[in-house]
Amino acid sequence: KEHFTKIERAFLEEEGSTFKRIEATLLDINSPLQFIELIEELGREQGITAKIVVRDAPKNGFQKFQIIVEGEFPRLFQYLRVLEFLPYQVTFVSMQVTSSKIQVVPEELPATGQKFAPSQKTVSKMGLDISVRIKR
């Protein structure tokens with residue numbers, strides 16, 4: 001019986017460690033600021049603009065967010081890849097991507113006064129709806 005108790009205790013300790021690791025991936029809904037700041041900082045690191053908005057009240061153990069990102073498409077795609085590896089339980093619900101061309105204002109070289117011809121740049125915008133598992 002003592003041997004069985006040791007096995008049970010070891011099992012419970014191992015399971016407790018697993019539960020703690022799982023709980024660490026859950027969003028604390030009482031302080032989502034850390035999550036929001038992380039999402040926006042990851043955008044800056046990828047060279048894009050990211051804004052996050054809380055959508056609705058938490059429901060069924062999930063909090064919904066909308067992330068709006070703007071930048072060059074390859075950078076948006078890289079941002080998605082980074083989001084996949086967030087240390088949270090994230091579900092991608094929907095995504096909408098649009099692209100538009102913008103006029104880049106010509107700049108003047110101070111030393112020579114030479115102007116560059118105007119050019120166009122393609123900027124993409126992505127709306128991404130996600131759900132994040134929250135702590136209860």
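M95 is partly exposed, its relative accessible area being 48%, where partly exposed denotes the range between buried (under 20%) and exposed (over 50%), computed with a 1.4 Å probe and protein chains only. The structure is a predicted model, in which local features need pLDDT of at least 70 and side-chain atom pairs count only at pLDDT 80 or more, whereas totals for chains, interfaces and linings use all residues. Residues are numbered from 1 along each chain as its sequence is written, and side-chain values use heavy atoms, with hydrogens and water left out.

M95 lies in strand β3. Together with F73, F77 and V97, M95 makes a nonpolar surface patch of about 390 Å². Helix α3 (73–84) and strand β3 (90–104) are the elements that contribute two or more residues to this patch. Such patches comprise residues with over 30% relative accessible area and no salt bridge, nonpolar side chains (Val, Leu, Ile, Met, Phe, Trp, Tyr) being joined within 5 Å and like charges within 9 Å; a salt bridge places a side-chain nitrogen of Lys or Arg within 4 Å of a carboxyl oxygen of Asp or Glu.

S131, located in strand β4 (residues 119–133), counts as buried because its relative accessibility is 8%. Beyond neighbours within four places in sequence, S131 is in contact with residues including F62, Q89 and V93, contact meaning heavy atoms within 4.5 Å.

The protein chain contains 3 helices and 4 strands, defined as DSSP runs (helices H or I, at least four residues; strands E, at least two) numbered from the N terminus. Their order from the N terminus is α-α-β-β-α-β-β. Of the 136 residues in the protein chain, 24% are buried.

Key
Areas by Shrake-Rupley, 256 points an atom, 1.4 Å probe, with all protein chains shown as cover.
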